Amino acid sequence: MRAARLMSLVLLLQGRGGMTAAELARELEVSERTVHRDVLALAEAGVPVYADRGRGGGYRLLDGYRTRLTGLDRAEAEALFLSGVPAALREMGLEEVAATARLKAAAALSPGLRDAPSVAAQRFHLDAPGWFAGGDPPPAALAPLARAVWNDLRVQAVYKDSTRTLEPYGLVLKAGAWYLAARLGTRFLIFRVHRFGEVTVLAQSFDRDQDFDLAAFWSEQSAAFTRSLLREVITLRLSERGLRMLRHIADPAALDDALASLQPGGVVRLAVESVEVAFSQVLRFGPEAEVLEPPRLRALVAEAAARMSRLYE
């Protein structure tokens, strides 16, 4: 534990040029007294660290000194590519590995580029969960599944009251929810992580299909899932403004077909999940849309319009 902290201290000084004891203590989550002891230990070990006295002083490394501790191991290199999604790293148990990787990468930069990580962090931030998502803890199955994914190990898992042996290929974080892409027999399937019960990581590795592309597979599966939900078609007459609003109201998977169906007078055919879902969508158009088909939806919108008219009489 102390060896890792000493390494982090050296990398911090190498990456930032110089830091006060208070800054180091804050970064390393220790007391300033511990920082002083660690600096003495480094000096005794031959690391040329020295203290600047006076106001604005702190600890620095001798100019030109570069540690050889910047090499990334496999786990750190893999975690580094996820460092832009801190919540995902934390939930998969990779936060500390990624922090060490970032320190090593920063220490390896030339002095003129030492501020690059902070410059980027202050200008771009990825917030993966959707709006109004609760602060629920990550699914209990996530950590063992992540470990199996990283190490190409089979898992035995309870999913919807059925025990299955899976070959976990990858994890996807979508709008705050975790999904597992796994092979079951000869098929690749998507599983919602929060629906897993007990997960046991087996001491059995598997050979990955080198042609499997996680991003492409997820895109194909999610598009197919979305299309499968669009079971009904409605017909609308839209004003010019309504046509512009269509892009913001229609399901993205239905938009292209709707625009392709456009007829004179602004008539379009729009795929929807159900009449009930279509009702809430049509109300968002306000007076810019008229329902032509089906009659049931037209009657629902007409009744809502009449009630609203009475409210404003």
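Guide: Start with the word "strand": strands are DSSP runs of E, at least two residues, numbered from the N terminus. Leu292 lies in one of these, strand S10. Keep in mind that the model is predicted.

Visitor: Why is Leu292 called partly exposed?

Guide: Its relative accessibility is 24%. Buried means under 20%, and exposed means over 50%. The value falls in between, so Leu292 counts as partly exposed.

Visitor: Which residues does Leu292 contact, leaving aside its neighbours within four places in sequence?

Guide: They are Thr235, Leu236, Arg237, Val267 and Arg298. Take Val267: it is 25 residues from Leu292 in sequence, and the C-alpha atoms are 8.8 Å apart.

Visitor: Why does Ser261 count as buried?

Guide: The cut-off is under 20%. Ser261 has 19% relative accessibility, so it counts as buried.

Visitor: What does the side chain of Ser261 reach at 2.7 Å?

Guide: The backbone oxygen of Ala258. A polar contact needs N or O atoms within 3.5 Å. The 2.7 Å distance meets that limit.

Visitor: What makes Glu288 buried?

Guide: Its relative accessibility is 18%. That is under 20%, so the label is buried. Glu288 lies in the loop between helix H12 (275–285) and strand S10 (289–293).

Visitor: Which side chain makes a polar contact with the side chain of Glu288?

Guide: That of Ser239, at 2.5 Å. Ser239 is also among the residues in contact with Glu288, along with Arg237, Leu238, Arg241, Gly242 and Met245.

Visitor: Now the sheet. What is the order of its 5 strands?

Guide: S6-S5-S4-S3-S7, an open sheet with antiparallel pairing.

Visitor: What makes S6 and S7 edge strands?

Guide: Each pairs on one side only: S6 spans 187–192, S7 spans 196–205. The twist averages 45° from one strand to the next.

Visitor: How do you know that S5 and S6 pair?

Guide: Pairing takes at least two bridges. Strand S5 (residues 177–184) has 6 bridges to S6, so the two count as paired. In one of these, Ala182 has Leu189 as its partner in S6.

Visitor: Which helix packs on the sheet?

Guide: Helix H8 (residues 142–151), touching S3, S4, S5 and S7. Its direction makes about 85° with that of S4.

How values were computed:
Residues are numbered from 1 along each chain as its sequence is written. This is a predicted model: local features need pLDDT of at least 70, side-chain atom pairs count only at pLDDT 80 or more; totals for chains, interfaces and linings use all residues. Side-chain values use heavy atoms; hydrogens and water are left out. Helices (H or I, at least four residues) and strands (E, at least two) are DSSP runs, numbered from the N terminus. Axes are lines fitted to C-alpha atoms, for helices over the stretch in contact, and angles run from 0 to 180 degrees between N-to-C directions. Contact means heavy atoms within 4.5 Å. Buried means under 20% relative accessible area, exposed over 50%, partly exposed in between (1.4 Å probe, protein chains only). A polar contact is a pair of N or O atoms within 3.5 Å; within protein, one must be able to donate a hydrogen and the other to accept it, and residues adjacent in sequence count only if both atoms are side-chain atoms.
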